[in-house]
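Here are my notes on the model you sent over, written as numbered points. Have the viewer open while you read.

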Amino acid sequence: MSTASSRRTTDTTTQRKNPPMCQHQPACPTADSADREAARPTAHHPEQGWSLLCNGVLLFEDTGELLPDGQIIAPHRPLTAGRVTTAA
């Protein structure tokens, strides 16, 4: 048995090379675009209050988001007419 055949090497990389989750046309907005919430849901769990969009964004019921790079977007639900109070 030669030593060359018993050695194994593997290439390592710090980047993940996963295929994109969005496989339909036209493609959904990317996670870093302003309209990222328009992407199609790939998993929807209303009983738990979240959806996974095909661009990798976790969208929560309170409109908060968790981006694929770990960035957190605070909830940004607009106030409805029933919640708005005005001074007399």
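The points below go from the overall layout to single residues.

1. Ground rules. This is a predicted model, in which local features need pLDDT of at least 70 and side-chain atom pairs count only at pLDDT 80 or more, while totals for chains, interfaces and linings use all residues. Numbering starts from 1 along each chain as its sequence is written, and side-chain values use heavy atoms, with hydrogens and water left out.

2. Overall layout. The protein has one helix and five strands, and along the sequence they follow the pattern α-β-β-β-β-β. Helices (H or I, at least four residues) and strands (E, at least two) are DSSP runs numbered from the N terminus. Of the 88 residues, 22% are buried; buried means under 20% relative accessible area, exposed over 50%, and partly exposed in between, with a 1.4 Å probe and protein chains only. Among contacts with a separation of 6 or more, 20% join residues 24 or more positions apart, a contact being heavy atoms within 4.5 Å.

3. The sheet. The five strands make an open sheet ordered S1-S2-S3-S4-S5, with antiparallel pairing. Strand S1 (41-45) and strand S5 (72-73) are the edges; each has a single partner strand, so one side of each has no neighbour in the sheet. Two strands count as paired if DSSP finds at least two bridges between them.

4. S1 with S2. Strand S2 (residues 50-53) pairs with S1 in the antiparallel sense over four bridges. His44 sits opposite Ser51 of S2, and Ala43 has Leu52 in S2 as its bridge partner. The two strands form a hairpin with four residues between them, and Gly49 in the turn has a positive phi of about 85°.

5. S2 with S3. On to the next pair: S2 and S3 are antiparallel too, over three bridges, with Leu52 opposite Leu58 of S3. This hairpin has four residues between the strands, and Gly56 takes a positive phi near 90°. Which residues are on the covered face of S2, and which on the uncovered one? Ser51 and Leu53 are on the covered face, Trp50 and Leu52 on the uncovered one. As a reminder, in a regular strand the side chains alternate between the two faces of the sheet.

6. Gly56. Gly56 is in the loop between S2 and S3 and is buried, with a relative accessible area of 18%. Its C-alpha is 9.2 Å from that of Asp69, and the two residues are 13 apart in sequence.

7. Thr63. Thr63 has phi near 75°, a positive value in a residue other than glycine. Thr63 is in the loop between strand S3 (58-60) and S4. For context, most residues other than glycine have a negative phi.

8. The salt bridge. How many salt bridges does a search of the whole structure find? The search finds one, taking a salt bridge as a side-chain nitrogen of Lys or Arg within 4 Å of a carboxyl oxygen of Asp or Glu. The partners are Arg36 and Glu65, whose closest N and O atoms are 2.7 Å apart. They link distant parts of the chain, 29 residues apart: Arg36 is in the loop between helix H1 (3-6) and S1, and Glu65 is in strand S4 (residues 65-66). Both Arg36 and Glu65 are buried.

9. Ser33. Ser33 is also in the loop between H1 and S1, and counts as buried at 19% relative accessibility. A polar atom of the Ser33 side chain lies 2.8 Å from the backbone oxygen of Thr30.

10. The surface. The accessible surface comes to about 7400 Å², with 55% of that belonging to carbon and sulfur atoms. Areas come from the Shrake-Rupley method with a 1.4 Å probe, and for residues only the protein chains shown count as cover. Phe60, Leu66 and Ile72 make a nonpolar patch of about 270 Å². Patch residues have over 30% relative accessible area and no salt bridge, with nonpolar side chains (Val, Leu, Ile, Met, Phe, Trp, Tyr) joined within 5 Å and like charges within 9 Å. Ile72 belongs to strand S5 and counts as exposed, at 66% relative accessibility.

Definitions and conventions
Polar contact = N/O pair within 3.5 Å; in protein donor to acceptor, adjacent residues only side chain to side chain.
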